[in-house]
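Have a look at the sequence and the model first.

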Amino acid sequence: MYNLKIFPAVPEDHFKTIKDKFANGKIVSDSEFDSIYPKHLSEISKYQWSPVEVILEAAIFLAEDRNAKILDVGSGCGKFCHVGALFRKSEFYGVEERFHLYEEASRISKKLGLNSNLFLHANMKDIDWSPYDSFYLFNPFYEHITNKNSIDETIPKKVSQFFAYIEIVKRKLFSLKSGTKVATYNSFGGKMPFGYKRVKLDKRFESELEFWVKE
Ligand SMILES: C[S@@+](CC[C@H](N)C(=O)[O-])C[C@H]1O[C@@H](n2cnc3c(N)ncnc32)[C@H](O)[C@@H]1O
């Protein structure tokens, strides 16, 4: 559906500038970070991709153990994993059902010098969540219950699908090992399953950032 060639290429030295800023502990704004993505993706960042500051906070929690494997459920163009991996050098993975977003996320990983195999092209319901220690969810299924600020029309939107996905996420989270960490931004759409304790609620951002640990 998208022909990336019609968008002007991001200058190579821009990726280096971003990498160097992270390496030197400098602040990178959302507009600066978003500019590494093609225009049609950076334009929807405000609604669809997590803010840099939110990602940094979540990464401090989720990647506290540097060996932790972290999964972004519905990873979009990869912003959470890209920022997380530049900041924490842990293993950030993403699963994304839209092929063009998966492709873009992998392409940008290479440009940033990150492992390009961080992303899976799949529906989150079809993959095994047990290899991961920590999870991040930015309200991934919300598009099924709203018509506003949609990414694209490549996914059929159904209210019933929203509720079905919430139940699947709850079942998957419930079955994970004790000590599993979850960060939600603007929730995941449902209530956390039994056994998860909220250890922090951060209200400084546009939406609530919540941290959970499985007991
Ligand atoms: C709000 S965006 C969040 C993107 C990214 N996690 C971030 O925080 O920047 C939600 C993403 O979830 C993806 N998504 C929705 N349902 C999904 C599913 N069932 N399996 C995999 N990805 C899904 C959408 O295509 C979209 O890219």
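A polar contact here is a pair of N or O atoms within 3.5 Å; within protein, one must be able to donate a hydrogen and the other to accept it, and residues adjacent in sequence count only if both atoms are side-chain atoms. This is a predicted model, so local features need pLDDT of at least 70 and side-chain atom pairs count only at pLDDT 80 or more, while totals for chains, interfaces and linings use all residues. Residues are numbered from 1 along each chain as its sequence is written, and side-chain values use heavy atoms, with hydrogens and water left out.

So what holds on to the ligand's polar atoms? An N or O atom in the side chain of Glu96 sits 2.7 Å from a ligand oxygen. Arg98 has a side-chain N or O atom 2.7 Å from an oxygen of the ligand too. Over at Met124, a polar backbone atom lies 2.9 Å from a ligand nitrogen. On its own the ligand exposes 600 Å², and the protein buries 99% of that (Shrake-Rupley areas, 1.4 Å probe).

Zoom out to the shell, and there are 22 residues around the ligand (a heavy atom within 4 Å), with Ser50, Asp72, Gly74, Glu96 and Arg98 coming nearest. By class, the shell has eleven nonpolar, six polar and five charged residues, with Gly counted as polar and Asp, Glu, Lys and Arg as charged.

Ser50 also leads on to Lys79: its backbone oxygen is 3.0 Å from a polar atom of the Lys79 side chain.
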